[in-house]
Amino acid sequence: MSKFVEQRQVLLQKMAQIDQMEYGSLKAEYRAGADPKHPLGPYYQHQVWREGKNHSERVAGLRAEQLRQAVEGRQQFEQLAKECIELTVQHTRQAQTACEAKKNSRPQSGRKPPPN
């Protein structure tokens, strides 16, 4: 098996292992409390663009942790997809270069082209 096929297979296997994804971002917010040294929170906010608008939702506890994992899963999947694309582009370019080198290395026949 070629090195390209092996590398792509590894990336695809990693992508297949990601089973949760969510769009957007999750931010932790803290609020000033009675004691400035001990802010209140964290409070979590999930933001996502939908239909051309920024939608924001406050989430708490277990849901925040699930969203965090899902957002990280999507980010990881996108990174692996970028790596897969880059690997495939490099492979394509190498194949094209090899094909062009073969085409240019063919011996010329002794015949002359027919006159016009």
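In this predicted model, glutamate 72 and arginine 68 both sit in helix α2 (residues 61-104), 4 residues apart, or about one turn of the helix. Their side chains form a salt bridge whose closest N and O atoms are 2.8 Å apart. Glutamate 72 is partly exposed at 40% relative accessibility, and so is arginine 68 at 31%. The pair belongs to a network of salt bridges that links Glu65, Arg68 and Glu72.

The strands make up an open sheet of 3, in the order β1-β2-β3, with antiparallel pairing. Because β1 (25-31) and β3 each have a single partner strand, they stand at the edges, and one side of each has no neighbour in the sheet. From one strand to the next, the twist averages 30°.

Strand β2 (residues 40-50) is joined to strand β3 (residues 53-59) by 7 bridges. Along this pairing, tryptophan 49 has asparagine 54 as its bridge partner, while valine 48 stands opposite histidine 55. The two strands form a hairpin with 2 residues between them, and glutamate 51 in the turn has a positive phi of about 50°.

Side chains of opposite charge can pair when their charged atoms come close. Glutamate 29 and arginine 58 meet in a salt bridge of 2.7 Å, N to O. Since glutamate 29 lies in strand β1 and arginine 58 in strand β3, this pair ties together parts 29 residues apart in sequence. Glutamate 29 is partly exposed at 24% relative accessibility, whereas arginine 58 is exposed at 51%.

Another salt bridge joins arginine 63 and glutamate 57, with the closest N and O atoms 3.7 Å apart. Arginine 63 is partly exposed, with a relative accessible area of 40%; glutamate 57 is partly exposed at 36%. The count for the model comes to 5 salt bridges.

Note on methods: Residues numbered from 1 in each chain as written. Predicted model: local features only at pLDDT ≥ 70, side-chain atom pairs only at ≥ 80, totals over all residues. Heavy atoms only, no water. Pairing = 2+ DSSP bridges. Axes fitted to C-alpha atoms, helices over the stretch in contact; angles between N-to-C directions. Salt bridge = Lys/Arg side-chain N within 4 Å of Asp/Glu carboxyl O. Buried < 20%, exposed > 50% of the residue type's maximum accessible area, 1.4 Å probe, protein only.
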